[in-house]
Structures are given as C-alpha cells and as structure tokens.
Amino acid sequence: MSQAAIDVPKGGFSFDLCRRNDMLAKKGVQQPSYRKTGTTIVGLIFQDGVILGADTRATEGPIVCDKNCEKIHYMAPNIYCCGAGTAADTEAVTDMVSSQLQLHRYHTGRESRVVTALTLLKKHLFSYQGHVSAALVLGGVDVTGPHLHTIYPHGSTDTLPFATMGSGSLAAMSIFESKYKEGLTRDEGIKLVTEAICSGIFNDLGSGSNVDVCVITKGHKEYLRNHLSPTPRTYVSAKDYTFSKKTEVLLTKIIPLTEKVEVIEAGDAMEE
Amino acid sequence: MSIFEYNGSALIAMVGKNCFAIASDRRLGVQLQTVATDFKRINQVHDRLFIGLSGLATDAQTLYQRLMFRHKLYQLREERDMKPETFASLVSAILYEKRFGPYFCQPVIAGLSDEDRPFICTMDSIGAKELAKDFVVAGTASESLYGACEAMFKPDMEAEELFEIVSQALLSSVDRDCLSGWGGHVFVVTPTEVKERILKGRMD
C-alpha cells in the first residue's frame, strides 16, 4: 500500500471540508463561532527583566466556557508568550513555534533569543494574512537583555517598554499610561501588572476571573498561576442538592475491568 | 440556524473521587423532526477512555472513525493504550488540521489515567482544548448544562452519587432544550468497572 493511502497527515492545514462547508454557508447555515479568549494580556519591562500578565477567562460568544484557563504560554525556558484571539490559533501557533525553538536549541546549543521567536511567529502569521487570528504579547530575557514585543494577527510587530493586547487592552493601557515609569522594581512591576489586569477584568466584559503573572529575569523565571483571585465565588450553597426520588434507570450494564497484567520477560526461557 | 443545531445534542462529563461520569442524551433529529431516540453519541476508545461528540452527527461519526483508526495505529505501534492526555492532544491536532474547513463537532473526552486519576476535557470545533477540574459540557443544551452543573457539582463524589448528580443535571437541562432529550445514556467509570446506564426521560 502506498504511503499516501494511509491517512496520517504530515502537517499543514487540510482544506478537504471547505467546499462542503462553503456550500452549507451559501444555503444559509450560520458559520460556527470559535472559542475566543476575549482577553486582557499585558507585559512590561522592569529593572531586571520582563513581567507578563493575563486574565483567565475564555468565552464562546456571550458564554464563559472556561473560568480559569491559561493564557501565558511557554515558548522557551527564558521566553513566554501571552495569547489573545481565537483560542485554538494562539495555542497552536505558540506550541508550534515553541517546538521549533527547542529544535533550534538542540541544533545550536545556545539559549533561544526573543527575536528568533518573534520572527518565527510573525512569519507564520503574515503568511496566513490574518486568517490565523492570534494577537500575542511576547516577552523574554536573552543574552542581549530583556525584550517585549506585541504581534498582531496580520504579522506586524511592535517593540515596546510596556504593552497590552486583547479586548481589555484599553482598560489595561490606561493604568500603564498613568503609572508606568522606567526602572520599576520587581514588586512594583508585579503590582502594576496586576492592577492593569484587574482593570481589564472589571471594565471589560470579555475578561474576567483571576490574574496570572509570569516574571522572567536573567537565568530565572517565576510563573505565578492565579496570583490574585479578585472575584471569588460567593454563591456556594451550604446545603447539598438532594433528590427525593432516584433517577429512573431503564437498563444497567456492568463491564468489569480486568487488572493490567505485568508481563515479566523471562530471559532465555524460549531459547534452546 | 447554526449547523451545530441541526441534529441536537447534550453532552456532559464530570469528575468524582477516582472516577468519572460521561453522559449524553439519546435524540437524533433533523432540525425539529426526531429521527431516532436511541442514538449513541458517546464512544468507548479503550477500557477507561471515552469520547462524546456533539454537533453534526455525520461529522461526529466520520471523526470517530478517524480517531479510532489513529488510536489502533498507536496501539499496534506502541503496544499500549493511549493516555487520556495524549488522546486529547490527538483529537485537538486532528481538529486543528481542518482550521479553515472544520468538522462541525465539539468533542468531550473523559478517561482514567494509569494512576486512576480522572481526566476530562472539551474542545471547540477547531481543537482549542479546555481542561477542567470539575465538569465539562457541550451541545445544544450546553447553556442549561453549565447552570445545572455549576449548582450541583461538588468535589470528591463517589461513583453512585456522581451518577445521580450527572443524571439529574442532564435530565433537567435537556428539558429546557427542544433539540435534545429522549432519555439519557450515562457511563460511570471507576478503576474496577464501567457501569453503563440508560435513563428514562421525558419523551417530548
């Protein structure tokens, strides 16, 4: 059998279903909405490195589908990346570049540079002309010092001392514009990032839940998952729900699971 | 009309203490006309791993066949079953491959790891993973399911209690959705057994 007959893809997108889906669209079927991270993501440069921040809400239209998702993605040990936009795109694009960076490190035996990650990301996004809708804040510390960049879905990039992205970017930027100064200490930096994210959480409906922070300094990083939970749940009932009548079951089938048997290879029992 | 509402579906997976439950409704419809009342949306991948596919039934079945193919290939090559986390990544990769012409399916994956740790996960139609610690829902009744589960869920439930909570959440939610219902299909998986139950529900 030829290799092509085996349906295991080698990579890249498949456009098999596009014609069918287009036909459905022409017949008046509404196109589906994807999971978005209507987001507040921020980053700033402080005296020893870079701090990234994000909220933790994922939405699908007006519905909150994940109250505590992770938006600060790992790129390399010294580089992290916040993602906003279509969740699948941000996840896929950062994962892909992260593995390219890992291979690059194996090849060169050096620490990855932030510009390398930046170039890989913008090349991918530009080649898809904005159809891969990922808006990113990329931050890291490499041999040339701390770096902070924003990347837009079409592939354009900015290099900034402080940056915000996502639907809550205006709310967060208002905090940065009024309070950011050069040479912030670590604690001041974390406080400012937290405040900017909180501004997004409270003033932007697409952002919410908790604050994630990632502090990257030379040779060290600290991922503060759920650094702050400004809106804890208040409606937990003290009494459990109880059901006076049991659920009516029509049929029950019990399949016992067999214990996993450890096979101990008995050296040369078969030989002779 | 959204294509996700063509056949109608309700899916839910919930975590308990060293166990999990995955449940679906049993209706297959063509818009408002009911075609079948014993439809299976939840499939068993291996002993302790299940996948439910909500959305367009034709895509759900095609996707299921591709996933089983890839899982069998993995079994042959590796001589072991896939971990739930690995399987979730596989589903995500297969869905994202069709980023610009997706399958109209939203999967729910639930499994027990080798250390009997439950794993649940859902995705949108292009493979954005959502790993939850408590419960995940999908389908046309997802909005009501979110509400029901949010209120009823409690941590560390034993298998029987988990079954009761999942069943009640499912039945009460599908009663507020025209496109899903006609009873339920619940799997409760513990380290020792899989209990499959069919629920009686409203037939309207």
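Modeller: In this predicted model, Asn226(A) lies in strand β13 of chain A, residues 220-228.

Biologist: Why is Asn226(A) called partly exposed?

Modeller: Its relative accessibility is 27%. Buried requires under 20% and exposed over 50%, so Asn226(A) counts as partly exposed.

Biologist: What makes the phi of Asn226(A) worth a remark?

Modeller: Phi of Asn226(A) is near 50°, a positive value in a residue other than glycine. Most residues other than glycine have a negative phi.

Biologist: Which value does phi take in Gln129(A), and where is Gln129(A) found?

Modeller: Phi of Gln129(A) is near 50°, again positive in a residue other than glycine. Gln129(A) is found in the loop of chain A between α3 (114-127) and β8 (134-142).

Biologist: Why is Gln129(A) called partly exposed rather than exposed?

Modeller: The relative accessible area of Gln129(A) is 48%. Exposed would require over 50%, and therefore Gln129(A) is classed as partly exposed.

Biologist: How do you know whether Thr217(A) is buried or exposed?

Modeller: Thr217(A) has a relative accessible area of 19%. The limit for buried is under 20%, so Thr217(A) is buried. Thr217(A) belongs to strand β12 (residues 211-217) of chain A. Beyond its neighbours within four places in sequence, Thr217(A) is in contact with Phe46(A), Asp48(A), Gly49(A) and Val141(A).

Biologist: What makes Ala25(A) partly exposed, and in which helix does Ala25(A) lie?

Modeller: Ala25(A) has 31% relative accessibility, which is why Ala25(A) counts as partly exposed: the class runs between the 20% and 50% limits. Ala25(A) lies in helix α1 (residues 18-26) of chain A. Ala25(A) and Val8(A) are 17 residues apart in sequence, and their C-alpha atoms are 28 Å apart in space.

Biologist: How is the packing of α4(A) and α5(A) described?

Modeller: Two packed helices are described by the angle between their axes and the distance between the axes. Helix α4 (residues 169-179) and helix α5 (residues 186-203) of chain A pack at about 145°, with their axes 7 Å apart. The crossing of α4(A) and α5(A) is right-handed. Among the residues making the contact are Ile175(A) and Phe176(A) of α4(A), and Leu192(A) and Val193(A) of α5(A). By class, the residues of this contact divide into seven nonpolar, four polar and two charged.

Biologist: What angle do the axes of α3(B) and α4(B) make, and which hand has the crossing?

Modeller: The axes of helix α3 (residues 142-152) and helix α4 (residues 159-174) of chain B come within 9 Å and cross at roughly 145°. The crossing of α3(B) and α4(B) is right-handed. The residues in contact include Leu145(B) and Met152(B) of α3(B), and Ile165(B) and Leu170(B) of α4(B). The contact of α3(B) with α4(B) has seven nonpolar, four polar and no charged residues.

Biologist: How do you know that chain B agrees with a compact globule?

Modeller: For 204 residues, a compact globule would have a radius of gyration near 17 Å; chain B has 16 Å, and therefore agrees. The C-alpha trace of chain B spans about 45 × 40 × 25 Å along its principal axes. Of the 204 residues of chain B, 67% count as buried. Chain B has four helices and twelve strands.

Biologist: What confidence does the predictor give chain B and the complex?

Modeller: Chain B has a mean pLDDT of 95, and 100% of its residues reach 70 or more. The complex is given an ipTM of 0.91 and a pTM of 0.91.

Key: Residues numbered from 1 in each chain as written. Chains lettered and ligands numbered in written order. Predicted model: local features only at pLDDT ≥ 70, side-chain atom pairs only at ≥ 80, totals over all residues. Heavy atoms only, no water. Helix = DSSP H or I, 4+ residues; strand = E, 2+ residues; numbered from the N terminus. Buried < 20%, exposed > 50% of the residue type's maximum accessible area, 1.4 Å probe, protein only. pLDDT = per-residue confidence, 0-100. Axes fitted to C-alpha atoms, helices over the stretch in contact; angles between N-to-C directions. Left-handed = near helix turned anticlockwise from the far one by under 90°. Contact = heavy atoms within 4.5 Å. Nonpolar A, V, L, I, M, F, W, Y, C, P; charged D, E, K, R; others polar. Rg over C-alpha atoms; globule rule 2.2 N^0.38 Å.
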